[in-house]
Structures are given as structure tokens and as C-alpha cells.
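Have the sequence to hand as you go through them.

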Amino acid sequence: MYVHLCHSLYLKLIHQVNVPAATHEIKDLSEVDPSAGIEVILHGYLGTRSQLSKNLSFVPLLSKDLSYSVQILSTAKSQGQANAAHGTLNSIRAGSPVAIRGTVKPREPSKQDLGEIKKIKNTEIEMIEIQCLNAFPKDIIVTEDTKFPAEQRHLQIRSEKSIRDALAFRAKAASICRDQLGTQQDFIEIETPLLFKSTPEGAREFLVPTRTKGQAYALPQSPQQYKQILMASGIPKYFQIARCFRDEDLRADRQPEFTQLDLEMSFATGEDVMRCIETLLKRLWAELLGVEALPSPFPRMTYEDAMSIYGSDKPDVRLGMKISRIGHLLPVDLINKIGPLTDPIVEVMKLQVSDHPGETRQFVSAFMDSPDAVPFLENKEGQPGIFIYDHRKPLSGLQVFGFEATERVEELLDLQDGDLVVLQARKDAPFSGGSTPVGNLRLALHRAAVAQGYVSAPEGFKFLWITDFPLFSPTNDVDPGQGGSAGLSSTHHPFTAPKSVEDVEYLLTDPSRVKGEHYDIVVNGVELGGGSRRIHDAQVQEFIMRDVLKMTEERMQDFRHLLEVLRAGCPPHAGIALGFDRLIAVMLGRESVRDVIAFPKSGKGEDLLVKSPNAMTEEQLETYHLVLKA
């Protein structure tokens with residue numbers, strides 16, 4: 001048995017060594033004159049065979065990229081001689097990679113094919129020889145309706161054209177980025193290390209233990225510090241399509257490892273960076289999506305306005321549904337009924353659901369009974385107040401507002417029959433974080449209205465820059481921050497510069513009021529990326545870390561390398577990082593970045609195909625001086 005197995009393996013290896021080289025690609029056969037009768041060798045995947053009789057078979061041969069097919073004609077006899085290849089063909093399973101030698105023949109053009117695979121219509125191949133390069137197994141059943149799980153990602157990619165198309169689109173986008181930045185704008189593409197050190201920038205890191213006891217690398221959250229070091233090294237413009245790592249809670253748009261388009265410019269401000277990015281995005285949209293009519297420059301909105309008007313620091317302005325403060329117009333008893341807060345800010349918005357109040361009422365009832373409504377019903381600052389505008393009712397259904405407030409709200413929101421009017425209270429405090437309860441409710445209601453067919457899905461692309469973020473935010477129990485004792489952490493990272501002279505003065509008197517020169521690029525409610533002008537002076541950087549954030553001396557030492565770099569005459573510089581996975585998902589209209597990544601992690605951070613992460617062995621633990629806690 002052992003000898004037989006070795007002989008079988010030997011024959012397989014010999015076949016692999018002797019695979020005939022392809023003389024043509026399947027997609028190029030449309031350019032070959034089928035009447036010339038030339039002989040070709042093709043490589044591809046065998047399709048499902050159609051056997052018209054014992055002596056005649058037809059089978060499509062799919063191209064290497066699975067986008068084209070050509071019909072293979074196989075007969076039991078060829079030129080009066082028995083054709084051994086015919087029997088071989090009948091023994092090979094669909095899906096197997098093969099090499100086929102045959103003669104090009106004309107074929108009656110078939111009807112227009114509406115499937116995903118483009119057929120070479122005027123040509124077929126009369127098979128002379130076929131070689132199976134690796135048999136497709138019998139235990140994998142493939143039909144038109146087969147959906148493979150994430151554990152079989154290789155078969156997902158092979159069977160779903162949308163995934164292959166997304167990966168090809170991604171490659172084209174990366175190529176355009178490299179040409180635009182590297183060729184057109186003189187950026188230098190530089191790879192920075194993946195084995196970095198642990199520094200408290202604001203996100204949790206992955207540590208990589210070493211065989212030196214107590215020593216570990218950290219995978220980079222981003223190349224932030226290295227690119228600032230490059231600016232001090234005399235590199236005028238840097239970019240990189242960089243791999244980054246963050247150990248954080250996962251959502252549809254988050255992965256523990258991800259890709260970002262990272263760039264930095266010396267002797268530059270945020271304005272220079274924003275112009276550069278606008279040029280790049282316009283080219284991507286024009287060349288890959290055919291969208292030419294993007295505004296120039298992109299609109300801008302401050303963080304304060306975005307949170308106030310849309311309840312989000314990445315607003316989808318296509319939805320309308322602007323939010324307005326209304327507390328000063330409402331009766332006190334109504335405000336007290338909205339929630340438990342004393343002297344809250346009360347905001348109002350509307351959603352045009354239907355011209356018929358009854359239909360709006362059905363929509364509201366269905367939404368409030370759905371799981372999507374749970375976070376809003378459990379809001380500790382109070383549940384939303386929901387009203388339906390109906391002219392047949394006293395004060396059109398807004399009687400609890402009182403006569404004067406109803407009149408003002410009608411004018412403010414331009415109310416029509418069937419409009420949904422929503423009130424929400426929140427604490428009277430400065431904005432922090434990325435959204436407000438009413439901002440989240442705005443998105444949830446609109447999403448539900450689209451799903452139920454009451455509202456059309458928004459179309460087109462609306463870009464805008466969000467600027468003037470607070471430089472510092474109150475610390476919380478979720479984000480690790482920088483570990484200082486001031487009760488503040490950097491809103492983005494501790495290297496962002498204050499925006500103005502006034503903001504520098506606030507560093508000394510009231511850090512919570514400091515605005516940073518930070519800018520996020522947003523499209524359709526998705527943050528594509530963010531950047532800032534950096535602190536390039538070592539004394540300012542050290543002051544913010546030690547005196548504002550109140551980081552310990554031990555934490556300060558983690559950044560000593562950067563302070564030394566800045567001290568060595570570092571020029572002013574600014575940069576940005578675009579989430580490349582997210583960019584591709586938005587361009588293709590995909591809900592999740594997993595749809596545009598070849599081998600994504602699951603919601604639990606697992607690669608279900610290769611089964612990572614896996615448990616460490618006792619030997620590994622000993623090698624890296626690690627002990628598992630009970």
C-alpha cells in the first residue's frame with residue numbers, strides 16, 4: 001500500500017511538472033479567426049458537462065479569473081480514430097482545473113447570455129487532449145444556490161463573482177492612489193515597521209511577546225509616529241498603503257487588522273492635506289464610478305454644527321431631518337414628561353413618512369415594537385416623544401405643545417399631514433463623542449422607513465469635511481486614552497496641534513475648550529478618514545502630555561523617542577489616514593468592510609478558515625516567558 005501511494009504521488013508530481021503551457025487565454029479567443037482551424041492550448045476550470053449522446057459531449061471551459069467561458073466539443077472519435085480524451089473528459093468533475101488542447105472552430109452565435117460569465121459566442125474548441133491538473137472533490141456539492149460559509153472562504157471567493165469583483169476593484173483603487181500620490185504629486189512610498197513599541201495613543205494594542213523575558217513589541221495602531229519621524233528626517237511627502245492593528249470591539253466597519261492610506265506632508269497645513277485628498281477622491285470617483293460632478297471644494301462643517309444639526313460627527317446630509325433646539329418654546333410640564341433631566345436641552349426633528357397619518361401611525365407602531373427601538377426606550381435621559389401631524393385633530397395632534405409652540409413648530413419644520421415629529425431631551429452639556437441620542441434615532445427611523453418602503457433610499461454621494469473638533473474629551477470607561485490623571489484624553493491622538501492662538505491660550509486656562517486642527521472626511525454618513533496638523537515643537541508636545549493630560553513620567557518615557565525627533569528641528573507638518581477598506585466598501589455600496597477584504601475576521605475577531613487565533617501551547621508559553629491566569 002505504501003509503495004502504491006508513493007507511485008500515485010509520483011505520477012501526480014510528474015503530471016504537474018509536465019503541464020503544457022497555455023498558448024491562448026480564453027478571453028482572447030474572440031480575436032482569433034475561428035475558420036483558420038488553429039490549434040490552441042487553454043488553461044481553466046471545467047464547467048458542467050452536457051452529454052448529448054455517448055459519443056458527443058459539450059462542456060464550458062471557464063477562464064482562470066472565472067469571467068469568460070468557451071464551449072468545448074468532445075467526440076468519441078476524431079478523424080476516424082478513437083479519441084481517448086473523450087473518456088477522460090467524462091471522468092473529470094466540474095470545478096477541476098484542467099489543460100485542454102484542441103482546434104478552434106466556428107460556432108453559430110448563441111443568444112445573449114445574461115449570466116455573470118461572458119461566453120465566447122462565435123467560437124468553440126474541438127478537444128484533442130485534456131489533462132486534469134487537480135480533481136475537484138466529490139464531497140463538495142456545488143449548485144447555483146450553494147452558499148458557502150466563512151469556514152470555506154476560498155469557495156466563497158471562487159463561487160461569488162461579487163467578491164472577486166470587489167477585490168479587483170480594490171486593486172484598481174490602490175493603483176490609482178499610488179499613481180496620483182507617487183507619480184502625479186511626488187509623494188514617496190515608504191514602508192514603516194510592523195513591530196513597533198507600546199505607546200498610549202488612544203486605542204488598545206496587540207502585543208507580540210519576544211523570547212527576551214518581559215520584552216514585547218506592539219503592532220502599530222497606525223504609522224503615526226513613524227510618519228512624523230519621516231517628516232523630521234527630510235522626507236517632504238510620504239505615503240503608504242499601511243496595515244494597522246487595534247484590539248477593539250468589532251462592528252460591521254471594524255476589523256482587528258485593517259488597511260489605511262496613510263500620508264504626511266512637511267511644511268504643510270491642514271488646508272494642503274485637504275486639497276490633496278479632494279483631488280485624489282475626485283479621481284477615484286471619476287475613473288472607477290464615472291462620477292464627475294463632485295463639488296470643488298468639498299463643503300465644510302464644524303463638529304459643533306454637525307452634532308447640533310444632525311446629531312452625528314459623520315452626518316449623512318442626504319437624509320434631511322435637521323435637528324433644532326426647541327426647549328425654550330415648550331411648556332415646562334411637557335419638558336418634565338419627556339424625561340428625568342432637570343433643565344435639559346430639548347431637540348426636535350421630523351420625518352416625512354406618508355401623506356396619510358394612519359400609515360405613519362402604523363410605521364411608528366412597528367418601529368417601536370422592533371429591536372431597533374430598544375436603545376431609545378432604555379435611554380436614561382428619557383424616551384423620545386413621538387407625535388404625528390394630523391390637521392383633523394386639535395392643534396393638528398400637537399396639543400401638548402400649546403398653541404404658541406405648535407405654531408412655531410409648524411413654521412420651523414414646515415409640517416404636512418402624516419409627518420412624524422420627534423422630541424428628545426439630553427443633558428445641557430458640551431458635545432462629546434460621535435453622536436447624540438436624537439442623532440442615532442434619526443438614522444434608525446430613516447433606515448426603518450426605507451426598509452418598509454415609505455421613503456426612498458438616498459442616492460448619490462455627499463462629501464463634507466468635519467472640522468474644529470475638541471482637542472480633548474472627558475475620559476470614559478471604554479477607551480483607554482493616554483492614561484493621564486487629568487480626567488481628559490486626546491479626542492483623536494495626542495499629536496494633534498491646537499487650531500489657533502486662542503486655543504493655545506486655553507491650554508493654560510481651560511483645556512476642555514481647546515479646538516484642534518483636526519479634519520475628518522465624511523461621505524454619506526461614513527467617516528472615510530481623519531487627519532490633523534501635528535505638533536512639531538518638542539516643548540509644546542511635552543507640555544500637553546505632562547501638564548495637560550498629566551501622564552506619568554513612565555508613560556512620558558514611552559514617547560521620549562518622538563520628543564527627541566521633534567527637538568531636532570522638525571518642520572511643521574500635517575497628514576491624514578483614509579480607511580482603505582471602508583473607502584472601497586462605500587464606493588461599491590457594501591454594508592460591511594468584510595465584503596471587500598479577501599480574508600476578513602468574524603465579529604469575534606476570528607479567521608474561521610484558518611482557525612485563528614489558536615491556543616498557545618505550554619512550550620510556546622515557556623519560550624515567551626508567559627503564564628496563563630486561572
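1. Start at Q352, which sits opposite D419 of strand β18. Keep in mind that this is a predicted model. The strand on the Q352 side is β16, residues 345–352, and eight bridges tie it to β18 in an antiparallel arrangement.

2. β18 has another partner to look at: β17, residues 385–388, also runs antiparallel to β18, with four bridges between them. For a landmark here, find I386, which faces V422 of β18 across the pairing.

3. Now, is β18 itself buried or exposed? Eight of the eight residues in this strand (419–426) are buried, so the rest of the structure largely encloses it.

4. Have a look at where the β18 side chains go. D419, V421, L423 and A425 point one way, while L420, V422, Q424 and R426 point the other, and all of them are buried.

5. Next, helix α4, residues 161–184. Its 24 residues reach 33 Å from the first C-alpha to the last, close to the 34 Å expected at 1.5 Å a residue. Just after this helix, D186 takes a positive phi of about 65 degrees.

6. Which residues of α4 are buried? They are I163, R164, A166, F169, R170, A173, A174, I176, C177, Q180 and L181. Residues three or four places apart in an α-helix point the same way, because there are 3.6 residues a turn.

7. As for what covers those buried α4 residues, the list includes helices α3 (153–159), α6 (270–289) and α17 (580–588), along with strands β12 (237–245) and β13 (257–266).

Conventions: Residues numbered from 1 in each chain as written. Predicted model: local features only at pLDDT ≥ 70, side-chain atom pairs only at ≥ 80, totals over all residues. Heavy atoms only, no water. Buried < 20%, exposed > 50% of the residue type's maximum accessible area, 1.4 Å probe, protein only. Helix = DSSP H or I, 4+ residues; strand = E, 2+ residues; numbered from the N terminus. Pairing = 2+ DSSP bridges. Expected span 1.5 Å × (residues − 1). Contact = heavy atoms within 4.5 Å.
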